[in-house]
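Here is a short note for someone opening this entry for the first time. Please read it with the structure in view.

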Amino acid sequence: MRSTLLCLPLICVLAFACGSGATSGVPADAAVDGSTDALTDAPVQADAAPTGSRNVLLIIVDDVGAEEIRSFARGLRGSAASNGSAYITDKNGNGIPDGVEDTNSDGQPDGAIATPTIDTLAAAGIRFTQAWSNPLCSPTRAGIYTGRYAIHHGVGTPIGDTSAIWALPKDVPTLAEEMVKSGSAYKKGFFGKWHLGAKYSGTLPTDRGWDYFAGALEGELASYTNWKKVVVTEEGKRTDSQVTEYASTVNVNDALAWLTKQTKPWWTTVAFNAPHVPNEEPPASCLSGATTGTTDRALYKKMLECTDKHIGTLLAGISKGVLANTTIIFLGDNGTVGGVSDVYAPNRAKGNVYQGGVHVPLIVADGASLVGSTGSGLGTITSVGRDVSSLAQVVDIYATMAEIVGVKSSSQDAISLASYLGSTNAPAARTRAYTEVFKYESASLSTLEHSLANPAAVTTADIAKLTRTELSAAIRSTQYKLVYVDGAYELYDLAADPFEQVNKWCTSATYKTEGQALLTALRAIDASAYPAIACP
Ligand SMILES: [Ca+2]
Ligand SMILES: [Ca+2]
Ligand SMILES: [Ca+2]
């Protein structure tokens, strides 16, 4: 079987598993008291934070919706909606998108891409099957690193666009900065795509709390084999170079070269540019041959397969003892691009607050399980290979990592997922999840940029003067989802209609009640942004 062959590097890791992994003595009883957050009704974190010593490996893949990872795709069959398939790709018209159908009944969705390493991570941890990102790169990344919703950190659309703020505002602390402030012993290395500031010095990862950076500052590479790499060392020395080696290979080699030198606990971020456009044929050495052709879809599938292979190389390059004391977090930063997706139509894919833009794969894995040993302390996982269908949002990764590394979360938006790790019956940490995307009016943005003596030090107070445009948002409960697009609301019953084909806003007493409850919660996040509209 092809997938077995692809598993080889990781099987090697598993085969040589040793039980001697160093483990931290972090107390597992962190986190919740009985109070709730005013905005989310969710439990608030307790003041006392545990002292961390467990490594964290954060792996981000670019533009990968949940439906692209076959184990997540299997849960996305859904039922046929009654009024057609305008929002999904559905050649046979049965209401089930092409990519998640299983027409040959082999147990694999038709659009499935072989990702054996990611599957192995899931088997060594928890799949969060209902995780939301923002619809675009920079807002999601800012959310992960700051634990704030975009409407609070100010990065509403990709940095580099004329309607986007040019850097993550200086007064919104990153987790790396919180770690520095708290005197954390952790070393923090960042590899790959930053996309939170490139135009001005003072806006790089090493200016925002990280110790070392090697990767690309912008959101999109010119080519995976001809791209601009920036390195900033711990001493602050910056080197720019033009690189012709495949970007993912460079990311993995750089990360391994750095983390294998570390003598303190570390947080390593590997943010692959892949499989974001440009859609390019990856090196033959990372392909199984299962995908042929050169359509955008075929190239995307090859790039994701290649990314999976690179994650395998990354994990195989970390010693088993170190991996045993490492928590691994894997996610996609937003949904698959329209036209490449074989599930969602372009107006429901990347860039939109519909499921095709924001439903992403999220896995938290226990490195101890990966190497066949048993870890202890916060960040280890009880009963691996589980699914958690409770709601999660990418900002929650911030709170989860903060708890693991022993830093108090300063975010009002992020809720730690740590309670799910050690318990198979943890109560839902969130009753609702939220996401949004927006721009700023370009002229006022430009005026602000030129009025600041130091644009690199832009703050949320500065950008509060700007006018947001094209704001769209969504908020959901377990079953229902309220969408705000073009100044109007839509309500979807995700249990009956997972592909959001039938708008139920105000169409029955139940839908009126559910819609208004979600609207109240949405307005609690920002009443000025979201109009109160009553059902007739
Ligand atoms: Ca179909
Ligand atoms: Ca199939
Ligand atoms: Ca992205």
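1. How many bridges join strand β6 to strand β7, and do the two run parallel or antiparallel? In this predicted model, β6 (residues 212–216) and β7 (residues 227–232) are joined by 3 bridges and run antiparallel. Within the pair, Ala-214 is found opposite Val-231 of β7.

2. Both strands belong to an open sheet of 10 strands, ordered β8-β7-β6-β5-β9-β3-β10-β11-β4-β12, and the pairing in this sheet is mixed. The edges are taken by β8 (238–243) and β12 (386–393); each has a single partner strand, so one side of each has no neighbour in the sheet. On average, neighbouring strands here are turned by 15 degrees against each other, direction ignored.

3. A further open sheet has 4 strands in the order β13-β14-β15-β16, with antiparallel pairing. Its edge strands are β13 and β16 (488–493), each with a single partner strand, so one side of each is left without a neighbour in the sheet. The twist from one strand to the next averages 10 degrees.

4. Strand β13 (residues 433–440) and strand β14 (residues 468–476) are antiparallel and joined by 7 bridges, and Val-437 has Ser-472 of β14 as its bridge partner. Strand β15 (residues 480–485) is joined to β16 by 6 bridges, also running antiparallel. There, Tyr-480 has Asp-493 of β16 as its bridge partner. Helix α17 (residues 509–525) packs on this sheet and touches β13, β14, β15 and β16. The direction of α17 makes about 60 degrees with that of β15.

5. Helix α9 (residues 296–316) can be checked for length. Its 21 residues, at 1.5 Å a residue, should span 30 Å, and the end C-alpha atoms are 30 Å apart, so the two values agree. Of these 21 residues, 16 are buried, and α9 is therefore largely enclosed by the rest of the structure.

6. How do helices α4 and α9 pack, and at what angle? The axes of α4 (residues 116–123) and α9 are 7 Å apart, at an angle of about 55 degrees. The two helices are therefore oblique to each other. On the α4 side the contact is made by Pro-116, Thr-117 and Ile-118, and on the α9 side by Asp-308, Ile-311, Gly-312 and Leu-315. By type, the contact residues are 4 nonpolar, 2 polar and 1 charged.

7. The last point concerns Val-395, which lies in helix α13 (residues 395–405). Val-395 has 31 C-beta neighbours inside 10 Å and so counts as buried, the cut-off being 20 or more. Leaving out residues up to four places away in sequence, Val-395 touches Gly-143, Gly-147, Arg-148, Tyr-149, Ser-411, Asp-413 and Ala-414. The C-alpha atom of Val-395 is also separated by 7.9 Å from that of Thr-140, a residue 255 residues apart from Val-395 along the chain.

How values were computed. Residues numbered from 1 in each chain as written. Chains lettered and ligands numbered in written order. Predicted model: local features only at pLDDT ≥ 70, side-chain atom pairs only at ≥ 80, totals over all residues. Axes fitted to C-alpha atoms, helices over the stretch in contact; angles between N-to-C directions. Parallel < 35°, antiparallel > 145°, perpendicular 65-115°, else oblique. Contact = placed C-beta atoms within 7 Å. Nonpolar A, V, L, I, M, F, W, Y, C, P; charged D, E, K, R; others polar. Pairing = 2+ DSSP bridges. Expected span 1.5 Å × (residues − 1). Buried ≥ 20, exposed ≤ 12 C-beta atoms within 10 Å, placed from the backbone.
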